[in-house]
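The exercises below are to be worked with the sequence and the model open side by side. Each task is followed by a solution in steps.

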Amino acid sequence: MPTAKELFKKYKCCVVIPTFNNGGTLTRILNGVMEHADNIFVINDGSTDNTKEILNSYNSIQSINLQENRGKGNALKLGLKTAIEQGYDYAITLDSDGQHFPEDIPLFLNALSTSSNKNLMIIGDRNMNEAEVLSRSAKGNRVSSFWVHAATGLRLKDSQSGFRLYPLQAISQLSFYDWTRKFEFEVEVIVKSYWAGVTIQHVPIKILYNFSERVSHFRPFMDIARIVILITWFLIMRLCYIIPRDFVRKLKEKGLGKFLREDLLQSGDSPRKKALSIALGVFIGLSPFWGLHTVLVIFLAVLLRLNKVIAFTFSNISLPPFIPLVIFLSTYTGNFVLGQNSYFSFEEVRQNFNLVRELETYFVGSLVLSTIVSVAFGLIGYFILLYREKNTKLVNV
């Protein structure tokens with residue numbers, strides 16, 4: 001079994017430690033890290049205690065002393081950027097407040113070594129449900145992990161742990177917001193890395209909350225609020241860009257036929273759920289809420305726990321070539337429902353479909369038409385899927 005220092009060298013890994021007024025625990029942390037690693041960067045984030053004097057006593061440690069405190073996120077960005085510039089492929093980060101045990105460092109390297117996928121971010125799981133953990137820390141972590149799941153679909157046990165291994169080549173391809181200078185950066189880097197294809201997993205680590213020596217700078221209200229603001233933006237991005245992007249990528253990668261078979265017909269959902277997803281997609285696709293179709297269909301599919309891929313696929317029933325026909329049929333349906341007469345032809349709508357003159361008629365007709373067609377598509381899809389499922393079971397008997 002290779003030693004930790006051998007694995008550090010093999011994987012071109014270093015350690016990055018942000019610190020701010022943790023003079024009481026910094027020496028113990030540095031001494032513990034040096035037992036496993038030789039390449040260590042410490043970002044002194046404007047400390048006003050004896051941190052600078054402590055760092056000056058370590059000749060083998062590269063320290064960066066900032067004149068003023070700008071936040072943990074800023075310190076981490078600077079440390080990771082420095083590691084990238086010096087040619088490292090991975091960086092392990094840990095906090096200097098004494099909660100982390102440096103002897104857990106080999107856990108990250110062993111997990112990296114045994115994984116076939118090296119495009120990997122590893123987060124230390126502190127088991128935040130334990131009674132010894134501060135209730136406000138556990139609450140903040142639950143809030144953070146919930147929103148990370150909402151933005152990515154990724155279920156993490158501990159999204160706020162600062163004990164991590166970062167894949168620097170992947171990190172170097174990402175751009176981060178200038179304003180994420182505090183704890184919200186640790187959420188930002190998870191979400192953006194995951195969206196970029198980085199695999200994220202946990203390793204269990206120990207944790208120590210020694211209230212007589214630990215200095216925490218986490219502000220429960222302000223820092224959670226910053227995280228929620230960031231995640232709100234990520235939710236918008238996921239609905240408007242990430243899900244459609246992944247859909248198009250998967251469609252191009254597999255081709256239409258294979259995509260329909262594997263992602264639509266052969267998904268593990270029941271015929272009823274698939275049919276409801278079809279109906280939802282068709283209803284939104286024919287609805288009058290132009291420009292919001294993607295956001296609405298993904299939001300409702302998530303809310304109703306339907307198949308997002310199927311719903312999004314069928315929402316594209318109103319692709320640009322079909323828009324004039326959709327508007328024409330919607331307006332005629334509205335005339336029928338409202339007992340009015342039509343005064344235009346399909347050719348007029350085709351040429352001027354963005355200038356619908358009878359907005360009320362179109363709006364009413366669009367909702368009626370979308371309801372009728374979505375129910376029809378849903379029922380047809382349900383019976384086809386049910387028939388196909390029964391035949392598949394008979395073949396497999």
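A residue counts as buried when its relative accessible area is under 20%, as exposed when it is over 50%, and as partly exposed in between. The model is predicted.

**Exercise 1. Overall content**

Task: State how many helices and strands the protein has, and what share of its residues is buried.

Solution. 
Step 1. The secondary structure comes to 16 helices and seven strands.
Step 2. With the cut-off above, buried residues make up 48% of the 397 residues.
Step 3. Of the contacts between residues at least 6 apart in sequence, 76% join residues at least 24 apart.

**Exercise 2. Parallel and antiparallel pairs**

Task: Go through the sheet and say which way E2 and E3, E1 and E4, E4 and E6, E5 and E6, and E5 and E7 pair.

Solution. 
Step 1. Strands pair through backbone hydrogen bonds, either parallel or antiparallel.
Step 2. Strand E2 (residues 40–44) runs parallel to E3 and is joined to it by four bridges. Ile 43 is placed opposite Ile 64 of E3.
Step 3. E1 and E4 are also a parallel pair, over four bridges. Here Cys 13 has Tyr 90 in E4 as its bridge partner.
Step 4. E4 and E6 run antiparallel and are joined by four bridges. Thr 93 has Arg 164 in E6 as its bridge partner.
Step 5. E5 and E6 form an antiparallel pair over two bridges, with Ile 122 opposite Leu 165 in E6.
Step 6. E5 and E7 run parallel, joined by six bridges, and Gly 124 faces Val 203 in E7.

**Exercise 3. Cover on the strands**

Task: Are the residues of E4 and E5 buried or exposed?

Solution. 
Step 1. In E4, Tyr 90 and Ile 92 lie on one side and Ala 91 and Thr 93 on the other; all are buried, and both faces are covered.
Step 2. In strand E5 (residues 120–125), six of six residues are buried.
Step 3. Leu 120, Ile 122 and Gly 124 point one way from E5, while Met 121, Ile 123 and Asp 125 point the other way.

**Exercise 4. Surroundings of Asp 95**

Task: Locate Asp 95 and list what it touches.

Solution. 
Step 1. Asp 95 sits in the loop between E4 and helix H5 (105–114).
Step 2. Its relative accessibility is 9%, so Asp 95 counts as buried.
Step 3. The Asp 95 side chain makes a polar contact of 3.3 Å with the side chain of Gln 99.
Step 4. Beyond neighbours within four places in sequence, Asp 95 is in contact with Ile 29, Lys 72, His 100 and Gly 162.

**Exercise 5. A helix pair**

Task: Describe how helix H11 (residues 271–286) and helix H12 (residues 293–303) cross.

Solution. 
Step 1. The axes of H11 and H12 come within 9 Å and cross at roughly 155°.
Step 2. Angles over 145 degrees count as roughly antiparallel, so H11 is roughly antiparallel to H12.
Step 3. The contact involves Leu 280, Gly 281, Ile 284 and Gly 285 of H11 and His 293, Leu 296, Val 297, Leu 300 and Ala 301 of H12.
Step 4. The crossing of H11 and H12 is right-handed.

How values were computed. Residues numbered from 1 in each chain as written. Predicted model: local features only at pLDDT ≥ 70, side-chain atom pairs only at ≥ 80, totals over all residues. Heavy atoms only, no water. Pairing = 2+ DSSP bridges. Buried < 20%, exposed > 50% of the residue type's maximum accessible area, 1.4 Å probe, protein only. Polar contact = N/O pair within 3.5 Å; in protein donor to acceptor, adjacent residues only side chain to side chain. Contact = heavy atoms within 4.5 Å. Axes fitted to C-alpha atoms, helices over the stretch in contact; angles between N-to-C directions. Parallel < 35°, antiparallel > 145°, perpendicular 65-115°, else oblique. Left-handed = near helix turned anticlockwise from the far one by under 90°.
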